[in-house]
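Here are some notes to read alongside the model. Take them in order, and keep the structure open as you go.

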Amino acid sequence: MSVTIKDVAADAGVSTATVSHVINKTRYVSDEVTGRVNDSIARLRYYPNLLVSGLRSKKSKTIGIVIPSITNETFAALTERVQRTFFQMDYNIILCDTSYDQVLEDRAIETLIMKQADAVVIVPVGGYTQKMQELQELKIPVILMDRSFSEIAVDTIRVDNYEGQYEIINYLVGMGHKRIGYIDRKQEQSHSRDQKRGYVDALKNNGIEPDPKWVVNTGGHDFNSGVEAVKALVSRTPEVTAIAAYYDVIAFGAIRGLIDMGYSVPGDYSVVGYDGMKFTEVTVPRLTTVLAPVDMMARNVCDLVLNKMDGLSGNGGQEQAEPVDVVIKPSLVIRESCGEPAPEARL
C-alpha cells in the first residue's frame with residue numbers, strides 16, 4: 001500500500017496542509033517542523049503526486065528540452081547546464097533526442113504537451129512547424145537555442161554565427177590563404193546560413209571572389225561525413241590551401257580524410273572547425289576553431305524560461321512582451337591546425 005500525505009502528517013505530528021507547504025514551499029514553515037516533515041518523508045519513502053500538485057498550482061514543474069543529438073558535445077553541454085540550474089529550483093527535465101528527424105521532433109513536442117510541460121527549450125531539426133504553433137497556441141513558452149525563424153517571432157538564444165565564421169575566415173586570409181574551401185552542412189538552417197554568409201563576405205571583403213567549387217555539402221553530421229566531404233572537395237579542387245568546416249566533428253573527419261589521402265595538416269592544408277568542443281584541445285594537431293559560449297547561452301536560456309513562466313502565472317514576468325532575440329558573440333581559438341600556405345599558393 002502506498003504512503004499518503006496523511007501518513008506523513010501523522011508521523012511528523014503536523015497537519016496535511018503543513019506537509020504540503022513544506023513540499024511545495026508555498027508558505028513559511030519553521031526549520032524544526034520542516035526537518036521533522038522531511039525526516040518522515042524520507043523514512044516512510046513518500047513520493048508526492050506531482051500531477052495532483054500540478055493541477056492545483058497550474059504548474060507541472062517540468063521543462064522540456066528537445067535537441068537533435070545528445071552525441072553533439074555542444075548540445076549535451078547546454079543541456080547539462082540548463083538541467084543543473086532547473087534541478088536546483090526543484091524543476092524536472094524531460095530530455096528528447098530527435099536524431100535530426102522531423103517526425104521524432106513532432107512526437108517529442110506532442111509528448112511534452114501531454115506531460116503539461118511548463119516550457120519547451122528546443123534546437124529544431126528544420127523550420128517552424130505546426131507542432132511549435134500548437135505550443136504557442138497553448139501558451140507554453142517556446143525558446144529556441146542556436147536557431148532562429150524568419151517567418152515568425154519566437155524567443156531565441158543564439159550565437160552570432162555570421163561573426164564567428166567571418167572572423168575565422170578572415171584569420172585564414174591574414175595568414176596568406178586565398179583559396180579557402182568550405183564544408184557546409186547537409187540541410188541549410190538559420191545558423192548554417194549565417195555561417196555561410198560569414199564565409200562568403202570575409203572572402204569578398206578581402207578582395208577574393210568565392211568560387212562555388214570551393215564549397216561541398218556533407219551527407220550527415222558525423223565524423224565519416226567529414227572524411228567523405230574533404231575527399232570530394234580536394235579531388236575536385238586541389239588548389240585550395242585551407243578548409244573550414246561548419247562543425248568541429250566535420251573538421252576532425254576532414255583531417256582524417258586528408259591524412260588518408262597522404263596529406264599533412266597543417267603542412268599541406270590548414271583546417272579549422274566551429275563550436276569549440278573539448279576534443280579540439282587534444283587532437284593532433286589541436287584544432288583552431290570558433291568557441292560557442294555554452295555557459296552564457298545556458299544562463300540566458302534559464303533566465304528567459306523563468307521570466308516567461310512568471311509572466312504567464314502573473315508573478316511579475318512579461319507575458320505581453322515582444323519575443324526576444326539574444327545574440328551572443330563567439331570567440332576565435334587559435335591552435336596548431338593552421339599554417340601559412342606555400343609561397344606559390346599565395347599567387
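1. Start with a strand pair. Strand 1 (residues 62-67) and strand 3 run parallel, joined by four bridges. Strands are DSSP runs of E with at least two residues, helices are runs of H or I with at least four, and both are numbered from the N terminus. Two strands pair if DSSP finds at least two bridges between them. Valine 66 has isoleucine 122 of strand 3 as its bridge partner.

2. A word on the source. This is a predicted model, where local features need pLDDT of at least 70 and side-chain atom pairs need pLDDT 80 or more, while totals for chains, interfaces and linings use all residues. Residues are numbered from 1 along each chain as its sequence is written, and side-chain values use heavy atoms, leaving out hydrogens and water.

3. Now the other neighbour of strand 3. Three bridges tie strand 3 to strand 4 (residues 142-145), again in parallel. Here isoleucine 122 has leucine 144 as its bridge partner. Strand 3, helix 7 (residues 130-137) and strand 4 form a right-handed β-α-β unit. Right-handed means that, with the strands pointing away from the viewer, the path from the first strand over the helix to the second runs clockwise.

4. Look at the side chains of strand 3 (residues 119-122). Ala119 and Val121 point one way, Val120 and Ile122 the other, and all are buried. Buried means under 20% relative accessible area, exposed over 50%, and partly exposed in between (1.4 Å probe, protein chains only). In a regular strand, side chains alternate between the two faces of the sheet.

5. Next, the nonpolar cores: sets of buried Ala, Val, Leu, Ile, Met, Phe, Trp, Tyr and Cys residues joined through side-chain atoms within 4.5 Å. The largest has 72 residues, and Phe86 and Ile63 are among those with the most contacts inside it. Helix 12 (residues 294-312) gives the largest share, nine residues. Apart from this core lies another, of 15 residues, including Ile122 and Phe149.

6. Which salt bridge links distant parts of the chain? Arginine 158 pairs with aspartate 325, with the closest N and O atoms 2.8 Å apart. Arginine 158 sits in strand 5 and aspartate 325 in strand 11, 167 residues apart. A salt bridge is a side-chain nitrogen of Lys or Arg within 4 Å of a carboxyl oxygen of Asp or Glu. Arginine 158 is buried at 17% relative accessibility; aspartate 325 is partly exposed at 43%.

7. Finally, a local pair. Arginine 197 and aspartate 194 form a salt bridge (3.3 Å, N to O). They are about one helical turn apart because they lie three residues apart in helix 9 (residues 190-205).
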